[in-house]
Amino acid sequence: MAKIGFIGLGVMGAGMAARLAQAGHELAVWNRTPARAEPLAALGARVAESPADCAKDAEFLFSMVADDEASRRVWLGEDGVQQTNALCIECSTLSPQWIEELGRTRRLLDAPVTGSIVQAREGQLLLLVGGDADDIAAAQPLFAAISRGVVSLGPLGSGARMKLINNFLCGVQAAALAEGLALAARCGLDLKQAHQLLCDGAPGSPLVKAVGGRMVEASTDHFFDLELMAKDLRYAAALGEQRGLTLHTAQAAIAEFDNAIAAGLGERDFSQVIQPLRH
């Protein structure tokens with residue numbers, strides 16, 4: 001069994017860390033809010049005092065945090081993991097520029113995930129991995145505990161790029177769906193019926209079915225933070241500009257998500273992007 005450090009116990013990280021603990025690995029965990037580590041302690045994990053402490057004696061070191069700024073703090077901050085011999089596995093959705101900068105200081109894989117909190121708890125995420133093939137092979141037994149599969153995409157940063165493209169499309173779909181359902185409501189159409197017709201027709205992607213259902217029901221279920229989707233759309237738009245491509249639909253979606261954030265919905269599920277359009 002491996003000695004693992006896991007940094008970041010949000011809605012996704014907590015499920016991933018629990019899967020590693022349940023697989024019998026020796027686990028140390030750290031989270032900015034210590035209370036979130038308590039369920040992992042109950043599974044036998046050591047609760048570290050800092051990211052640097054979490055990395056102590058680790059062979060593998062995972063990170064699952066919100067954005068570039070949070071990632072920079074845990075790796076390079078005052079109590080961060082500035083030096084380690086561990087294979088570092090960054091599962092957060094980050095900018096490729098930061099991944100490549102970080103990779104110049106340590107042995108690193110970028111391995112962002114697709115899936116939601118449910119897939120994280122069940123070990124059914126899909127890992128989009130960039131980095132050295134030998135490092136991917138070394139991490140494979142750990143990936144097996146947290147995922148249904150691993151897609152090797154190329155050199156370091158490839159996983160981050162693919163994840164941003166994935167979330168760009170998800171964010172644009174969610175924003176367009178919110179506008180479409182809001183328009184249906186303003187036209188006096190029955191929302192449940194309108195949503196079912198969309199699901200049964202050409203627009204009926206898995207996102208339209210799942211997220212649209214939460215929109216119609218005004219559900220408070222929480223799968224993915226609205227403000228994180230806005231962040232991912234911004235990172236994707238920046239990536240497009242760097243490659244000479246303006247993502248116009250991303251900019252339109254960002255405007256809808258920013259309206260929802262301004263309405264105080266940033267920490268709610270991203271399906272709540274519809275709420276400002278209901279009125």
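This is a predicted model: local features need pLDDT of at least 70, side-chain atom pairs count only at pLDDT 80 or more; totals for chains, interfaces and linings use all residues.

Residues are numbered from 1 along each chain as its sequence is written, and side-chain values use heavy atoms, with hydrogens and water left out.

Two packed helices are described by the angle between their axes and the distance between the axes. Here helices (H or I, at least four residues) are DSSP runs, numbered from the N terminus. Axes are lines fitted to C-alpha atoms over the stretch in contact, and angles run from 0 to 180 degrees between N-to-C directions.

Begin with helix H8 (residues 158–186) and helix H9 (residues 191–200), which pack at an angle of about 135° with their axes 9 Å apart. H8 and H9 are therefore oblique to each other; angles under 35 degrees count as roughly parallel, over 145 as roughly antiparallel, 65 to 115 as roughly perpendicular and the rest as oblique. Their crossing is right-handed, meaning that the near helix is turned clockwise from the far one by less than a right angle, with anticlockwise giving left-handed. In contact (heavy atoms within 4.5 Å) are Leu177, Leu181, Ala184 and Ala185 of H8 with Leu191, Ala194, His195 and Leu198 of H9. These divide into seven nonpolar, one polar and no charged residues, where Ala, Val, Leu, Ile, Met, Phe, Trp, Tyr, Cys and Pro count as nonpolar, Asp, Glu, Lys and Arg as charged, and the others, Gly among them, as polar.

H8 also packs against helix H10 (residues 206–217), the axes coming within 10 Å and crossing at roughly 45°. This pair is therefore oblique, and the crossing is right-handed. On the H8 side the contact uses Cys170, Gln173, Ala174, Leu177, Ala178 and Leu181, which meet Leu207, Val208, Val211, Gly212, Met215 and Val216 of H10. Ten of the contact residues are nonpolar, two are polar and none is charged.

With helix H12 (residues 248–262), the axis of H8 comes within 9 Å and crosses at roughly 60°. H8 and H12 are therefore oblique as well, but H8 passes H12 in a left-handed crossing. Phe168, Gly171, Val172, Ala174, Ala175 and Glu179 of H8 touch Thr249, Ala250, Ala253, Glu256 and Phe257 of H12. This contact has seven nonpolar, two polar and two charged residues.

Turn now to the pocket. Helix H1 gives the largest share of the lining of the second largest pocket, five residues. That lining divides into eight nonpolar, three polar and three charged residues.

Technical notes. Helices (H or I, at least four residues) and strands (E, at least two) are DSSP runs, numbered from the N terminus.
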